[in-house]
Amino acid sequence: MNQQGASQGPVLDVRNLTTRVATAEGAKTIIDDISFQLRLGETLCVAGESGSGKSVTSLSIMGLLPSSAKVTSGEIRLDGRDLLKLSDRQMQEVRGGDVAMIFQEPMTSLNPVMTVGAQLTEAITAHHDLRGAAARAKALEALDAVRMSESKRRLLQYPHELSGGMRQRVMIAMALSGNPKVLIADEPTTALDVTIQAQILALMNDLKKDFGTAVMLITHDMGVVAEMADRVVVMNGGRIVESQAVRDLFATPKEAYTQELLAAVPQLGSTRGQKPEVKSDVPGQPAIVEIRDLTVRFDIHGGLLQRPVKRVHAVEKVSLDLFPGETLALVGESGCGKSTIGKSLANLIPWSGSIRIAGQEIAGLSSDRMQAVRRNIQLVFQDPYAALNPRMTVGELVGEPLVIHRLAQGSELTDRVAELFRRVGLDPVMMDRHPHEFSGGQRQRICIARALSLGPKVIVADESVSALDVSVQAQVLDLLGELQAELGLSYLFISHDMAVVEQISHRVAVMFLGQIVETGPRDQVFENPLHPYTRRLMDAVPIADPKRLRRDRVLPTGEIPSPIQALDYVPVIEPLIDFGSAHYATARHEVSG
Amino acid sequence: MPAYLFRRILEAALILLGVSLVTYILLFLLPADPVRQIAGRSATAETVESIRRQLGLDLPFYEQYWRYLTSLLQGDLGRSYIQRSEVAELIAARLPASLLLMVAAICAELAMGLTMGIVSAVRRNSSTDQSLMVLSFVGVSAPQFVVGILLLYVFAYQLGWFPISGYGTFGHLVLPAMTLGFMGAGWYSRMMRSSMLNVLGQDFIRTARAKGLGKARILLRHTVPNALLPIIAMIGIDIGIFMSGIVVVESVFGWPGIGQLAWQAIQRVDIPIIMGVTLVAACAIVIGNLLADIVALFVDPRIKLK
């Protein structure tokens, strides 16, 4: 493909592109003199961390920049025609015609009050001389091309009736309906579960071949780059750091930045052959958290008297132990109940069963007594932007738990907050600032400092590094490791990211539809996965190694099954079978769905 | 849907019961004595007492209220103390005029408010936007009797385009409807502007642009329908605001609606009429809200009946 493309010349030729944005402090350059080419039938990955300018590059090409931003110099040539010199009207024909784009957020990228069919048909009539029934037929064809199940029915559905993966298929169908020469995909799978991500990536590869489209794939995920790219452009701070064929880039990255970026990527299989070791002063200590038969169900109400009509079986009879100084990872895809377990531990939602924290049963505890137990268990959430009150200073935020629990005040409070800041690697001078003055990684450090303020024994980290760039993610993971070694903390590490889990955990529990299907020491679960679902999860993770044969695996099809059931549904509890070496799994039922 | 309607009607009945009780208590606590109003200044103490007994106003509060409620449930709103006719008839005669005024006012405020809001949002931060928002601020803050008298002075007295007062033709309707709708237009233009700006920043608008749709289509098919969703619920609440507005506006323009009826009844402590008008107003608000919720159901596919 590459050779053939080269002889035809580039379909998209970006030359010396510079984009600036107006800020309160004056114009700021966000893309600085970048040049790259895209050939027909080729996938070019634009890789970089947040703020590298990769999304702005795509919006510049599409002419979709917000009004504050402007391309100040350069050329964007599509088949020799400079897009920057086109009128609004001409550019409108290019968008969705020769150049189409799909976005990161499938949940919000479709109009909620229009049917899927109407939105597809609209894209078709904008670029083809088709009307009415002919346009609708073409819409159906487009949905079939992206292998949408029950495509006829989908046309009449609204976006909220579709899952994230299905919505992204609609977006792709919409983008391809104009037979574009160039398809720009901006983080198209970042918001999706890994198994769905694998499906969408495979689909994009197939469509690229069928339609002969040139694909510009923007991503932060080096695994996705390795799976998809023919060539790679690495961006940082608005500039192109380097540009190479994918194998060369992974084998011999030239620039220091690329080397660091690749080194920071958590790799599945990185701990192969190593036994996880828990640093514990006294071996054989009792578990700090004992969960027995934890069940969480939510009723969905409806009808005349608001009686329950359906039930969400979020967690069903889960039993877990968390030992001092240990990291137990809970992994699974959206809706599997992993976050619900974390919330139950902090008693944030109603649950049934038994949870003992440091030997104390918390079921039916009064709120006063629970207050004392809470000191032992603290949470760190996924989004460090949403988890900090923007109107409080970070010093107040970190000190607030101490004030609520009446543990410190006045100068003692200040001293303890300063100590917490130092402990998470922040300068106490910054205590008087507000959250918006900090980067994502710094904010997550602040959240960790806040969680540490009460001297807890257990920290529930719910996707705590998922929203961070890989280099920052690596730093925060290191910090968590240091704190564990220093303070003997136990972590319940809730994550969807198998590579991160492998890096940090001692033991792993895999959840599927509210139940644990496999649990065991990290090395056992990763090197010898017993349950088909565990294997499926690991197979779906994109591997940051382009030498690996692509798609040498059977891809899962279909959707992640839903935990919502009829009221009379009685869940089947699969017993965990002991496979030795503390490795348990349920009977190997093929996971449907 | 039938189950939903049934539940809403049940709720409405409870609301009306609450409204009737609260209004009755307030009227009972009023220091003005309705019997004195009826009997006149020269009446003797005996006459006053016999009228009081006749009307049942000598009974304790709960008995009075119970009497009122039982006859109300039989469809009897009572007789006016002063006008010597059935309250139901008085209201029925004047309701069409008020409803007409209200519908016209809703149309006026939506036409003015939504247009202003959409133009402001599209021309955000321009001088057009700023002048429209100043105008909407005036609309929100100006008292209705001032607006009404101003409109009368300019368009009826000076220019002579519309009649000064009365009821009957479309020309009679324009100024009162504008007066009543002016305040709402101020609110709606602000709400619509911010709702539009919110929608314009949504991802699906970017998708629509990326599809290569024209500006007009993006505005009318993607932006406005989504921006209208939060406004619809407001229209239901608005009917309540109008109910208080018509009392003023009908007086200014001599419009023969229930607002005028209520105004006269309040001055003379004519309790059955005040109660009747209050209940009719409460009904209108309940129905308005129900209608708004049903409309929202059809406009927004995400809303499911609860």
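**Where the chains meet**

Mentor: Chain A brings 27 residues to the contact and chain B brings 22 residues. Two residues are in contact if their C-beta atoms, placed from the backbone, lie within 7 Å. Bear in mind that this is a predicted model: local features need pLDDT of at least 70, side-chain atom pairs count only at pLDDT 80 or more, and totals for chains, interfaces and linings use all residues. Residues are numbered from 1 along each chain as its sequence is written, while chains are lettered from A and ligands numbered from 1 in the order in which they are written.

Trainee: Which helices of chain A each supply at least two residues to the side that touches chain B?

Mentor: Helix 3 (88-94) and helix 4 (116-127) of chain A. Helix 4 of chain A gives the most, with four residues. Helices (H or I, at least four residues) and strands (E, at least two) are DSSP runs, numbered from the N terminus.

Trainee: And how do the residues on that side of chain A divide?

Mentor: Twelve are nonpolar, eleven polar and four charged. Ala, Val, Leu, Ile, Met, Phe, Trp, Tyr, Cys and Pro count as nonpolar, Asp, Glu, Lys and Arg as charged, and the others, Gly among them, as polar.

Trainee: Switching to sheets. What order do the eight strands of the open sheet in chain A take?

Mentor: The order is 16-17-18-13-19-20-23-22, with mixed pairing. Two strands pair if DSSP finds at least two bridges between them. Strand 16 (377-380) and strand 22 (576-578) of chain A are the edge strands, each pairing on one side only. From one strand to the next, the twist averages 20°.

Trainee: How do strand 13 and strand 19 of chain A run, parallel or antiparallel?

Mentor: Parallel, with four bridges joining strand 13 (residues 327-331) to strand 19 of chain A. A:Leu328 stands opposite A:Arg507 of strand 19 there.

Trainee: What does A:Ser505 touch?

Mentor: Leaving out residues up to four places away in sequence, A:Ser505 touches A:Thr327, A:Leu328, A:Ala329, A:Phe493 and A:Arg522. A:Ser505 lies in the loop between helix 18 (498-504) and strand 19 (507-512) of chain A.

Trainee: Is A:Ser505 buried or exposed, and why?

Mentor: A:Ser505 counts as buried because it has 24 C-beta neighbours inside 10 Å. The cut-offs: a residue is buried if 20 or more other C-beta atoms lie within 10 Å of its own, exposed if 12 or fewer, and partly exposed in between, with C-beta atoms placed from the backbone.

Trainee: What about strand 3 of chain A? How many of its residues are buried?

Mentor: Five of its five residues. A:Thr43, A:Cys45 and A:Ala47 are buried on one side of strand 3 of chain A, and A:Leu44 and A:Val46 on the other. In a regular strand the side chains alternate between the two faces of the sheet.

Trainee: Which residue is the bridge partner of A:Ala47 in strand 8 of chain A?

Mentor: A:Thr219. Strand 3 of chain A pairs with strand 8 (residues 214-219) of chain A in the parallel sense over five bridges. Strand 3 also pairs with strand 9 (residues 231-236) of chain A, parallel, over four bridges.

Trainee: Last topic, helices. At what angle do helix 7 and helix 8 of chain A pack?

Mentor: Helix 7 (residues 164-176) and helix 8 of chain A pack at about 15°, with axes 10 Å apart. Axes are lines fitted to C-alpha atoms, for helices over the stretch in contact, and angles run from 0 to 180 degrees between N-to-C directions. Helix 7 and helix 8 of chain A are therefore roughly parallel to each other. Angles under 35 degrees count as roughly parallel, over 145 as roughly antiparallel, 65 to 115 as roughly perpendicular and the rest as oblique.

Trainee: And what is the angle between helix 8 and helix 20 of chain A?

Mentor: About 50° between helix 8 (residues 194-211) and helix 20 (residues 532-540) of chain A, with axes 8 Å apart. That makes helix 8 oblique to helix 20 of chain A.
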